[in-house]
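Subject: Structure handover and findings

Hi,

Here is the structure for your set-up work. My notes follow below it.

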Amino acid sequence: MTRRARVVIAVTALMLLSSAVAFADGWGGPGGHRGGGGFGWPVLRAVGLSDEQKAHIRQIYAAHRPQLQALGEQIHAARQQLGDKLYSAAPPSTADLASINQLRDQMAQERLAIALAIRNVLTPEQLAKAAQIRQQMQQLRQQMRDLSRPTS
């Protein structure tokens, strides 16, 4: 394999890896990251949860935390192995990326299960308010992007 081909593979792998990490850091919860479309605590606080709902949601996160942590550790290890291969004599392959993608998919499924369980705790009014807050946040993010674009 030529030097140029190795560089192209390495750059491609790094780009895919960074996008995988960004996606894997998606939905929020206590100690988690926000974004991606789940019910993060700022949105949940804004919809006016009862104490019973808060306790139920904490139980949902607690029940899923071990699986999320295990998947996070596996993704970290797979990313580390991919990085190690970038600097070894044997370059990474698409199989290395496939294992990371499979773990990412499992993480996304776990986060979706959390979001659906939380959704079942909310009242229809709270869901409507959460949707409204989400839409407003999307509009604000778009305004921020528009403001940061250079004008010609």
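The expected span of a helix is 1.5 Å times one less than its number of residues. Helices here are DSSP runs (H or I, at least four residues), and strands would be E runs of at least two, numbered from the N terminus. The 25 residues of H5 should therefore span 36 Å, and the end C-alpha atoms are 36 Å apart, which agrees.

Residues are numbered from 1 along each chain as its sequence is written, and side-chain values use heavy atoms, with hydrogens and water left out.

Confidence

pLDDT is the predictor's confidence in each residue, from 0 to 100. The protein chain averages 82, and 75% of the residues score at least 70. By element, H3 has the highest mean pLDDT (95) and helix H1 (residues 3-24) the lowest (48). Residues 13-36 fall below 50, yet this stretch has 42 contacts in the model beyond near neighbours in sequence. Contact means heavy atoms within 4.5 Å. Where pLDDT is low, the predicted coordinates should not be read in detail.

Cores

A nonpolar core is a set of buried Ala, Val, Leu, Ile, Met, Phe, Trp, Tyr and Cys residues joined through side-chain atoms within 4.5 Å. Buried means under 20% relative accessible area, exposed over 50%, and partly exposed in between (1.4 Å probe, protein chains only). The largest core has 16 residues; Phe39, Leu44, Leu49, Ile57 and Ile118 touch the most other members. Helices H2 (41-46), H3 (51-86), H4 (94-121) and H5 (124-148) each give two or more residues to this core. H4 gives the most, with four. Leaving aside neighbours within four places in sequence, Ile57 is in contact with Trp41, Leu44, Leu49, Ile118 and Val121. Apart from this core lies another, of eight residues, among them Ala78, Ile100, Leu103 and Met107.

On H5, Gln126, Ala130 and Ile133 are buried. The cover over the buried residues of H5 includes H2, H3 and H4.

Aromatic pair

Rings of Phe, Tyr and Trp (its six-membered ring) pair if their centres lie within 6.5 Å; planes under 30 degrees apart count as stacked, over 60 as edge-to-face and the rest as tilted. The count comes to one pair. The rings of Trp41 and Tyr61 have centres 5.9 Å apart and planes at 40°, so the pair is tilted. Trp41 sits in helix H2 and Tyr61 in helix H3, 20 residues apart. Trp41 is buried at 11% relative accessible area. Tyr61 is buried too, at 6%.

His64

His64 lies in helix H3. At 18% relative accessibility, His64 counts as buried. Beyond neighbours within four places in sequence, His64 is in contact with Glu110, Ala113 and Ile114.

Salt bridges

A salt bridge is a side-chain nitrogen of Lys or Arg within 4 Å of a carboxyl oxygen of Asp or Glu. There are two.

- Lys85 and Asp96 meet at 3.0 Å, N to O. Lys85 is in helix H3 and Asp96 in helix H4, 11 residues apart. Lys85 is partly exposed at 33%; Asp96 is buried at 16%.
- Asp146 and Arg149 meet at 2.8 Å, N to O. Asp146 is partly exposed at 40%, and Arg149 is partly exposed at 48%.

Best wishes

Methods:
This is a predicted model: local features need pLDDT of at least 70, side-chain atom pairs count only at pLDDT 80 or more; totals for chains, interfaces and linings use all residues.
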